[in-house]
Amino acid sequence: MFESLPSFPADPLLSLISAFAADPRPTKMDLGVGVYKNPFGDTPVMQAVKRAERWLAEQQHTKTYLGITGSIEFQTNLTKLLVRSDLAASLGSKLVTFQAVGGTGALWLAAQLLAKTSSKPRIWISNPAWANHPGIFLASGFTVERYDYYNAASGGVDFQAIASAAGMMQRGDAFLLQGCCHNPTGEDLSIPQLRELFDILRNRGVIPLIDIAYAGLALGFDADLEILNIALETFDEVLFAFSCSKNFSLYRERVGLLLAKTSSEVGADRVRGALASTARCSYSMPPDHGAAVVSVIAASDELRPLWLLELEQIRREIVTKRQRLSSAPFGNNVLSRLSAQTGFFSLLPLSPAACRRLTSEYGIYLPDSGRISVLGISNENEESFIRSLGEVLND
Ligand code: PMP
C-alpha cells in the first residue's frame, strides 16, 4: 500500500542541517538554520528561562492535562505583554486567545479556522516567503496567491507592488503578512506603509493574518509589537500567529499563541469552537512546559526585565553583525543593505548553482534561495565568508 504513495521531497533546510553536521571541514559555516547563535556558535538557554524552570521544578504540583485551549494563565500573561492595556480592556471577550504548538501550530490553527469560513478559501502570501507558509495553506485547502514583496534590484520592500496587489483582492480573502524580521528578506514595512496597506485591506474586506515570529529582534520588543496594536485598532476582524521560539530561545518547547480579534461575542464563541475542534482532532491538547516558562517570566517583576535584557542583547548582536558585514573594508556591495534590514535573515542575489558552489568548495551552507542567517557568520569567519562570496559572484 505504502509503495503507491507519491514521494514527498524533504525540506531542503533539514537536509542542509544533516549535510552540515557530516562535513568534517573545521572552517564550515551553517548559514541555513534560523536560530540565534552567540559568538561561540551556541544557542544557549536564557537565564530567565533557567530560573523559571527551577521555580517550576519546585512549585509545579501536577502534570494533569491542560485542556484544549491550553494554559489560561499563559494566554493571559503573554497577552498582557503583547496587547496595549486600553485596547485589551475595550476588546474584552472579543479578543480570543488559544495556545498553539509553536508559531507553526498557530499558523495551522489560523489556516484551519479561515478554511472553515469559506468553501473556496484564498490567501495571499508574500513572494518570497518563509518556505512553510504556502505549504500550510495548501494543506488546508486554500488557493494560494502571491504578492510581490521585495525589490531584488534595489534591495528594499516593493511597497507599490504590495499596495497594488492588495487593491485587487476580493472580500473574504486572507492576507498573510510577517510582523517583523521578514523571512527570508529581512525587509520590513515602515509604520506609514503598514497604515496605508491596512487601509486598503480594510476597504477591500480582506482579513489579515499577521505572523509574528521574531518580536523583539527587529527594533525592540514594544516597537515590534506596534503592528499588532495598529492592526487591532484598524480591523474588526484580524488574526495573529505569535511564536515564542526565537524571542524566548524556547525553540524545541513549541510555544505559540493564536490571537483573534472578532467583531462580536457570537463571532468570538464561534472562533473558540472552531479552534477547539481543530485542536481536538489533531494534537488534542498542547504541551505545557515551554508555555509555563513563558507564563512565569511574563508575570514576574524579577524575571520579565531579565528576559527583556537578554532579548535586547540578542537583538544588539544581530544589529552589530549586520553593521560589520555591510561595512567591512574588504566588503562586497551585495552586503551593503544588510544593516538596513532586521532579524536573522537576508536574501543574497545568488543563483542556486552559486549557493551550491559556496557549500561544496567553501563549506558555507545555505539553501538554494540564497538566504543567509547572519549570525551563522562568526567574527573570525567574516573575512573568509566575504572573500568566498566575492569569488562566487565574480564568476
Ligand atoms: N513564521 C516565520 C516567518 C518563521 O520564520 C518561523 C520559524 N522559522 C515560524 C513562523 C514558526 O516558528 P516556530 O513554529 O518554530 O515557533
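## Ligand shell

The ligand is surrounded by Gly 34, Gly 102, Gly 103, Thr 104, Trp 130, Gln 178, Asn 183, Asp 211, Ala 213, Ser 243, Ser 245 and Gly 256, where a residue is near a molecule or strand if its C-beta atom, placed from the backbone, lies within 6 Å of it. By class, this shell holds two nonpolar, nine polar and one charged residues; Ala, Val, Leu, Ile, Met, Phe, Trp, Tyr, Cys and Pro count as nonpolar, Asp, Glu, Lys and Arg as charged, and the others, Gly among them, as polar. Helix α5 (residues 102-115) makes the greatest contribution to the shell around the ligand, with three residues. Helices (H or I, at least four residues) and strands (E, at least two) are DSSP runs, numbered from the N terminus.

## Basis of the model

This is a predicted model, in which local features need pLDDT of at least 70 and side-chain atom pairs count only at pLDDT 80 or more, while totals for chains, interfaces and linings use all residues. Residues are numbered from 1 along each chain as its sequence is written.

## Domains and their interface

The protein chain is divided into domain 1 (11-44 + 315-394) and domain 2 (65-299), with bounds that come from an automatic or database domain assignment. The centres of domain 1 and domain 2, taken over C-alpha atoms, are separated by 28 Å.

Across the interface, 17 residues of domain 1 are in contact with 19 residues of domain 2, two residues being in contact if their C-beta atoms, placed from the backbone, lie within 7 Å. On the side of domain 1 that touches domain 2, α13 (303-327) and β11 (345-347) each supply at least two residues, and β11 gives the most, with three residues. That side of domain 1 comprises seven nonpolar, seven polar and three charged residues.

## Packing around helix α12

Helix α3 (residues 72-82) and helix α12 (residues 289-299) have axes that come within 8 Å and cross at roughly 50°; axes are lines fitted to C-alpha atoms, for helices over the stretch in contact, and angles run from 0 to 180 degrees between N-to-C directions. That angle makes α3 oblique to α12, given that angles under 35 degrees count as roughly parallel, over 145 as roughly antiparallel, 65 to 115 as roughly perpendicular and the rest as oblique. The crossing of α3 past α12 is left-handed, a term used if the near helix is turned anticlockwise from the far one by less than a right angle, with right-handed used if clockwise. In this contact, Glu 73, Phe 74, Asn 77, Leu 78, Lys 80 and Leu 81 in α3 meet Ala 291, Ala 292, Val 294, Ser 295, Ala 298 and Ala 299 in α12. The residues of the contact of α3 with α12 are eight nonpolar, two polar and two charged.

Helix α12 also packs with α13, at an angle of about 105° and with their axes 6 Å apart, which makes α12 roughly perpendicular to α13. Here Val 296, Ile 297 and Ala 298 in α12 meet Leu 303, Arg 304 and Trp 307 in α13, a contact with five nonpolar, no polar and one charged residues.

## Packing of helix α5

Helix α5 packs with helix α11 (residues 265-280) at an angle of about 120°, their axes being 9 Å apart, and α5 and α11 are therefore oblique to each other. The crossing of α5 past α11 is right-handed. Leu 109, Gln 112 and Leu 113 in α5 meet Val 271, Ala 274, Leu 275 and Thr 278 in α11, so that five nonpolar, two polar and no charged residues are counted in the contact of α5 with α11.

## Backbone features in loops

A cis peptide bond with omega of about 5° joins Asn 127 and Pro 128, and Pro 128 is placed in the loop between β3 (122-127) and α6 (132-139). The peptide bond from Asn 183 to Pro 184 is also cis, with omega near 20°, and Pro 184 is found in the loop between β7 (174-178) and α8 (191-204). Asn 183 is also one of the residues that surround the ligand.

Ser 249, although not a glycine, has a positive phi of about 50°, and Ser 249 lies in the loop between β9 (238-243) and β10 (255-261).
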